[in-house]
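Reader: Hi! Could you walk me through this one?

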Amino acid sequence: MDAFGMGLVAAMGALATVAGASEDIDSDIGSQSNPNSQVQLAAQVGNPHRIYNKAIAGEPPSNALWCTTAAIMAYVLIEGYHMPLLFAVAAGASLAALFDGVMSTSAYFGRSASQARFNQWIYLDIVRYTTPSIMAHVWITSFCICLIAVIQVYILTPHHPFPIPVIGLVWGLTVGAIGSSVGDIHYGGEREFQWRLFGQGLNTMLSGQIVRKAEAGLRNSIDNAWFCAKFGGPCTGLAFGLTVFLDNWRTTVFDPVTQAGAAIAMGLFFVIVMNLYNHYCEVSARRKYGPYPGYKGDIPA
Amino acid sequence: MAEKTVVKGFKIEPKQLRIYGLVGSVVGIYLAYILNSVTGTNIFSFVGALAALFGVVMGANAVRRVCAYGIGTGVPSIGMLSLGMGTVAVLFGLNIAEQLGVGLLGVILALVYSLIFGYVVGLIANRVMGFNIPIMEEGLTDLSGAGTLAILGWCFAISGSLAYADIVKDVFNTGFLAIIFICGGLAILHPFNANLGPDEKQDRTLVNGVMVGGMSTIATGICALMTLGLAAGMVQIVVGFAIWYYFYVWYFRLAKRDASAVVGTGLLPPSAL
């Protein structure tokens, strides 16, 4: 273990935290992934809305695309044209943001046009002011992920044997999967159904009955970003940052070859501690906010 | 609101589209190979990327046919499955052709293998897993073939060669397969995913597919900057951009044609307030 390596691992953890947070907010602005089904359903049950509908293949594949795009550009600039690392990564992230802009707008146009019979209009002002903020968040995500890949391949010893695009693909899938399972619940469960009582769950009757009107005027996707940036985004960032940091930490402190047993034991220790903490969080939330007033005991399935 | 203008649309039968896809793609890849060999340069590698677009359109149509049976969240999965089958088939076909000493027939071998592979996967999906979708076998056969042709076309666009060793060196070892896989996958699955809904139209979906294919061509062009050099890469980027631009504008017009209204700004439709 050396101090430089540990510093790099810490930097990767920090980058991953930022990437996770921006990834989640990006998907929330666009109503991607988990909350998307309700946004899509809303118009079909008679609730046309002014919320962005960015359906790009679920979060893991779409984030894999942004990160891989950034990574190929960075790889070509670094290996083929000997550009500075940071410049190459920034250029890659810009390309990824442009790709995202095209995909997002085409999804919004397409999804809205395919709901013509439900009177879902296409609002061009939404496209104009929401797409740039989606692209900006994608820029941050792909910049951070691509930088992590660059650190792994060129700076951290031992150098990672895989080329940057493959590492970008894997990290992109990971950050998308974590964002989809951690942060989206905050938007899909809380924000879209904010009048719902705690513990009620979402029964079929409520499908598509999302909140369409805001404190003043009609709700738009920027309002959702404001809400999700307070909890869902940081939570996702923390989850992804901890995943990256703790996993690299144990293999940096313990040599993966000579002290493999210790590294594996440390991993098991983390898993057990996190499970206990999860259990504590759930029990404490139920104690503080529950039970749901309409609770009539468990119904056998 | 501007009055609705007449936009070029089309409707193609799946069988016809399959022929266009298979023939167009295979002919395109060989044409690219011949042009490169005859001129002794690698500047015509972009023709391989154009050939991949035929495969993409065929795949996008297969996705919309299979997924119209109520597979909503499965659209991304089926696109990834398509490219996954394609990757296996390409490696198999090119390698076997090389070992048999008929390197040039690698494209055909990969295609035939992938069609059989897709049919078997479709059979398993229907019979064993019980999807009970009547056109599942047909759809997965199409998808597998489309994935294979897309990967082959874009591999050629990056490596400028059909030799197994060159493709492994330029596409697999550099990791550029990652972008072909994910961007090509999105080109096949994004069209239907982006247009999901009861008023989905074939022409809008397929135009979207070509548009995303144009973006993939830009991406492979950037990869080609490293593997083939500045000139060949730039040609490919410019061609990709032209395709993307043309089809994006067309797509926007089709969306305008099909939408209930396109407004600059405004409140909810009067019916919903």
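This is a predicted model: local features need pLDDT of at least 70, side-chain atom pairs count only at pLDDT 80 or more; totals for chains, interfaces and linings use all residues.

Reader: Let's start with chain B: what share of its contacts with a separation of 6 or more is between residues 24 or more positions apart?
Author: That share is 71% in chain B. Two residues are in contact here if their C-beta atoms, placed from the backbone, lie within 7 Å.

Reader: What is the mean pLDDT of chain B?
Author: The mean is 90, and 98% of the residues of chain B reach 70 or more. pLDDT is the predictor's confidence in each residue, from 0 to 100. For the complex, the predictor gives an ipTM of 0.93 and a pTM of 0.92.

Reader: Thanks! What is the secondary structure of chain B?
Author: Chain B has nine helices and one strand, in the order α-α-α-α-α-α-α-α-α-β along the sequence. Helices (H or I, at least four residues) and strands (E, at least two) are DSSP runs, numbered from the N terminus.

Reader: And how long is helix 3 of chain B?
Author: Helix 3 covers residues 75-100, which is 26 residues, and spans 37 Å from its first C-alpha to its last, close to the expected 38 Å. The expected span is 1.5 Å times one less than the number of residues in the helix. Just after helix 3 of chain B comes Gly101(B), with a positive phi of about 80°.

Reader: Switching to the inside: how many residues are in the largest nonpolar core?
Author: It has 168 residues, and Val63(B) and Ala70(A) are among those with the most contacts inside it. Helix 2 (residues 46-67) of chain B gives the largest share of this core, 16 residues. A nonpolar core is a set of buried Ala, Val, Leu, Ile, Met, Phe, Trp, Tyr and Cys residues joined through C-beta atoms within 7 Å. Buried means that 20 or more other C-beta atoms lie within 10 Å of a residue's own, exposed means 12 or fewer, and partly exposed is in between, with C-beta atoms placed from the backbone.

Reader: Which residues is Val63(B) in contact with, leaving aside neighbours within four places in sequence?
Author: Val63(B) is in contact with Val75(B), Ile78(B), Gly79(B), Leu143(B), Ile188(B), Leu189(B) and Phe192(B).

Reader: Nice. How many residues does each chain bring to the contact between them?
Author: Chain B brings 48 residues and chain A brings 45. On the side of chain B that touches chain A, helix 7 gives the most, with ten residues. That side divides into 31 nonpolar, 13 polar and four charged residues. Ala, Val, Leu, Ile, Met, Phe, Trp, Tyr, Cys and Pro count as nonpolar, Asp, Glu, Lys and Arg as charged, and the others, Gly among them, as polar.

Reader: Over to chain A: how many helices and strands are there?
Author: There are ten helices and one strand in chain A. Buried residues make up 48% of its 301 residues.

Reader: Last one: why does Ser181(A) count as partly exposed?
Author: Because Ser181(A) has 14 C-beta neighbours inside 10 Å. Ser181(A) lies in helix 6 (residues 164-181) of chain A.

How values were computed
Residues are numbered from 1 along each chain as its sequence is written. Chains are lettered from A and ligands numbered from 1 in the order in which they are written.
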